[in-house]
Amino acid sequence: MESSGTTRRQATRQRLYEAAVTLIAEKGFSATTVDEIAERAGVAKGTVYYNFKSKTELFEELLRHGVGLLTASLRAAAEESEERGGTRVEALDAMIRAGLAFIDRYPAFTQLYVAELWRTNRAWQSTLLVVRQEAVAVVEDVLREAVRSGELSEEIDTPLTASALVGMVLVAALDWQAFQPERSIDEVHSALSLLLHGRVSGH
């Protein structure tokens with residue numbers, strides 16, 4: 001059982017993450033101050049430093065937290081599909097939908113993550129690569145099982161295909177949010193699903 005202190009601290013951290021992600025998405029990392037993050041989260045400045053040693057550490061934790069949520073939702077989608085007796089390709093399809101749902105729920109975080117992925121010489125570059133690999137690894141596992149069970153061709157380059165699928169979902173979802181917001185998640189999912197079935201399973 002978690003103590004109320006722990007729960008309160010988690011709630012505070014969640015508020016800080018949300019404030020930081022919105023501000024950094026709006027203004028960029030350098031232009032965002034700890035004061036502004038505290039003000040947006042409705043906490044005292046000291047609270048930020050009580051929870052995180054620095055703005056950089058807050059940002060690193062933010063990346064871990066966000067990608068951790070994404071990874072968990074991808075894994076849950078694959079497991080649910082498996083429990084229903086679905087194929088591995090159906091599990092991948094469920095993961096695409098879970099990825100879109102995550103991005104729909106956390107658009108500012110996704111924009112931030114994609115932007116940071118291509119920047120170099122950042123203090124958090126290694127953290128970013130580690131958390132990215134965790135998300136991609138979930139997809140890789142399902143692809144490997146699909147090859148083992150004969151659903152997918154053995155010629156598949158699993159690591160690259162996993163990265164391509166994650167990249168496709170991220171970029172398509174950001175494009176959907178920015179340029180085609182009138183489309184429903186079902187429409188976007190079915191377009192990506194066709195791509196998955198056409199390109200990956202070769203039917």
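Buried means under 20% relative accessible area, exposed means over 50%, and partly exposed lies in between, with a 1.4 Å probe and protein chains only. By that scale arginine 40, at 43% relative accessibility, counts as partly exposed.

The model is predicted: local features need pLDDT of at least 70, side-chain atom pairs count only at pLDDT 80 or more, and totals for chains, interfaces and linings use all residues. Residues are numbered from 1 along each chain as its sequence is written, and side-chain values use heavy atoms, with hydrogens and water left out.

**Stop 1: arginine 40 and glutamate 26**

Select both side chains. They meet in a salt bridge, 3.5 Å from N to O; the term requires a side-chain nitrogen of Lys or Arg within 4 Å of a carboxyl oxygen of Asp or Glu. Arginine 40 belongs to helix α2 (residues 34–41) and glutamate 26 to helix α1 (residues 4–27), so the pair ties together parts that are 14 residues apart in sequence. Helices are DSSP runs of H or I with at least four residues, numbered from the N terminus. Glutamate 26 is exposed, at a relative accessible area of 51%. By the salt-bridge rule the count comes to 10.

**Stop 2: lysine 53 and glutamate 57**

Go next to lysine 53, which forms a salt bridge with glutamate 57; their closest N and O atoms are 3.0 Å apart. Lysine 53 is exposed, with a relative accessible area of 69%, whereas glutamate 57 is partly exposed at 22%.

**Stop 3: the patch at glutamate 83**

Select Glu79, Glu80, Glu82 and Glu83, which form a negative surface patch. Patch residues have over 30% relative accessible area and no salt bridge, and like charges are joined within 9 Å. Glutamate 83 sits in helix α4 (residues 55–83) and is exposed, with a relative accessible area of 69%.

**Stop 4: arginine 97 and aspartate 186**

Here the closest N and O atoms of the salt bridge are 2.8 Å apart. Arginine 97 is in helix α5 (residues 88–105) and aspartate 186 in helix α9 (residues 185–200), so this pair ties together parts that are 89 residues apart in sequence. Arginine 97 has a relative accessible area of 32% and is partly exposed; aspartate 186, at 46%, is also partly exposed.

**Stop 5: glutamate 140**

Finish in helix α7 (residues 125–148), where glutamate 140 lies. Is glutamate 140 buried or exposed? At 11% relative accessibility, glutamate 140 counts as buried. Leaving out residues up to four places away in sequence, glutamate 140 touches Gln133, Thr158, Pro159 and Ala162, where contact means heavy atoms within 4.5 Å.

Definitions and conventions
Patch = residues over 30% accessible without salt bridge, like charges linked within 9 Å, V, L, I, M, F, W, Y side chains within 5 Å. Areas by Shrake-Rupley, 256 points an atom, 1.4 Å probe, with all protein chains shown as cover. Lys, Arg positive; Asp, Glu negative; His and termini not counted. Charge placed at Lys NZ, Arg CZ, Asp CG, Glu CD. Helix = DSSP H or I, 4+ residues; strand = E, 2+ residues; numbered from the N terminus.
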